[in-house]
Amino acid sequence: MMVKEQDFSRRSSAYHVRPGGETLEALFLLAPGLILLLIFLVWPTLNAFWLSFHRENLLGTQREWVGLANYAEMLRDPAFWRAVGATFLFAAIVVPVQIFLGMVAALMVARPFPGVNFFRTLFFLTTAVPTAVAAVAWGWFLHPVGGLLNRWLEAMGLPPQPWLTSVELALPTLAIVTAWAGVGFTAILLTAGLQQIPEDLYEAARIDGASAWRQFWHITLPLLSPTLFLVALLTVLNSLTAFGQIHLLTRGGPAESTMVWVYRIYQDAFFNFRFSYASAQAVALFLVLLLLAGLQFRWFGRRVHYG
Amino acid sequence: MGRLPRWLEKPLFYLALGVYAWLLVLPLLTLLSASFRSDADLYAPGLLPPRPTLEAYQEAIQKYPVGRYLLNSLVVSLSVTLGVLLVSASMGYALARVRFIGQSLLFGFVVSLLLIPGEVTFLPLYLMVQQFGWINTYWALTVPFIAAPLGIFLLRQFIRSLPQDLFDAARIDGAGHLRILWHVALPLTAPALGALAALTFLSTWNMYLWPLVVINNAAMQTAQIAIARVVSVEVTSWNVVAAVSILVLLPTLLAFLLAQRAFVRGITLGGLKG
């Protein structure tokens, strides 16, 4: 990987402490953080499962144990499945687009040349753009009347498109916005990965007369694969939990076409006041994320080249 | 595929760079342009505003407490960052350098917490925060995020990679763990602390779903969800929306330009956690 952990922590014989002798000091250093972790991370996680096995009455005041009823309802709920479908379609567009755009940027600025820092700043810039600002920028860029993109289409004699207001286009458009917002992040990680590839490999390839294209396929891609794999994993996880840009630009519409998984949870909890049903969907999302992370490590983990 | 003449390679490379960079930044440029347009010029064609004006900024500041939004975001982001640094440094140090029973077990526990996404905990957390009476307070926006498994993990790895001899020497001189943490480990951990600070600041500043559900009072809104509100009120005045957005963008943009190295390192380290 990019940072190799050098483990210097061999147990030295310079001093002797009996095992467990430092437990008190450790406790002092660990206690505040540990208490916070238990209250604000562990307990809510357990509680999410607990909630998902309950159901509230109409007033939302009391909860009774219903076992797996929420999960059974979820699996029969067409709205839930539509949200799952939209979420995966969304991710299927975001991941390749974002990795491609980030890869192009990283390939251009990984090696130094005069002015490289200026271009790195521009290519990495979207990391500094908050989701809400990115969403607004695109909302205006795609505006039906004032937006530059539709102006260009008109100038080329093409009809302007209802980017965010048509049932067919809204989800892919949001996916492009999301991919754009992630380009800086992807470019930073891929640049770091590219810089780990030893320069002399390319020199040797050039002496052998390999074209730039062959160098990319036979040196860059295999040696970049661990980084690429990591970037893919992070992009998949991020795109499956997208929310902010969707809330800001389409509110799940039109006709629920951009109602993704997390938006469904938000909607069920805070508008339909069904916290336990929403919790069941959140737990299901958690399991899917865990499964994907595990699968990716099992299936791709073996094939990637760890240089 | 024929090869390009050598003298053409360089100009073409810079041309490609320039075009790509311009396309990537274009949506932000159109936003910047909209923020300098008057209501009358808003829909005028062209990337540049025909008659640049600050009207939209004046209207934005008069109608919305933009300063307050930014202050809220700043207070929250700085508090969380400071808290994350303190907790991560002390826990990371203890997990790396203090011997106690169950150390590797505890470390494994912290690593397993890395897998829990915020989307799973936010509903129970909301109910809890509501019971604490923290709705519409800074407490709700800060306290739950101060103990961050990623920060603890990163600093533990970094402190573990420092040479053991330094710690031995300090021990022989009779320093306790707190003094070693403060005088030996922390100064050497500065690059990792900087990277973690940048990463934490950025992700807290960008938080969206959580402030959206725990804040419903205009004065306590963070910049992100204030934008959502402005968008829903100013349906047609995109120049005002743009002005508010540019004002919200400025602090992170400036921080990024000034501390790009720390941000890049933070993202590289953070991405590497997997």
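**Exercise 1. How do the elements of chain B run from the N terminus on?**

This is a predicted model, where local features need pLDDT of at least 70, side-chain atom pairs count only at pLDDT 80 or more, and totals for chains, interfaces and linings use all residues. Residues are numbered from 1 along each chain as its sequence is written, while chains are lettered from A and ligands numbered from 1 in the order in which they are written.

Step 1. Define the elements: helices (H or I, at least four residues) and strands (E, at least two) are DSSP runs, numbered from the N terminus.
Step 2. Count them in chain B: 14 helices and zero strands.
Step 3. Read the order: α-α-α-α-α-α-α-α-α-α-α-α-α-α.

**Exercise 2. Describe the packing of H1(B) and H13(B).**

Step 1. Locate the helices: H1 spans residues 6-35 of chain B and H13 spans residues 238-258 of chain B.
Step 2. Take the geometry. The angle is about 115°, and the axes are 7 Å apart. Axes are lines fitted to C-alpha atoms, for helices over the stretch in contact; angles run from 0 to 180 degrees between N-to-C directions.
Step 3. List the contact residues (C-beta atoms, placed from the backbone, within 7 Å). H1(B) gives B:Leu31, B:Leu32, B:Ala34 and B:Ser35. H13(B) residues include B:Trp238, B:Asn239 and B:Ile246.
Step 4. Sort them by class: seven nonpolar, three polar and no charged. Ala, Val, Leu, Ile, Met, Phe, Trp, Tyr, Cys and Pro count as nonpolar, Asp, Glu, Lys and Arg as charged, and the others, Gly among them, as polar.

**Exercise 3. Describe the contact between chains A and B.**

Step 1. Chain B puts in 76 residues and chain A 85 residues.
Step 2. The chain B side has 55 nonpolar, 16 polar and five charged residues.

Methods
Contact = placed C-beta atoms within 7 Å.
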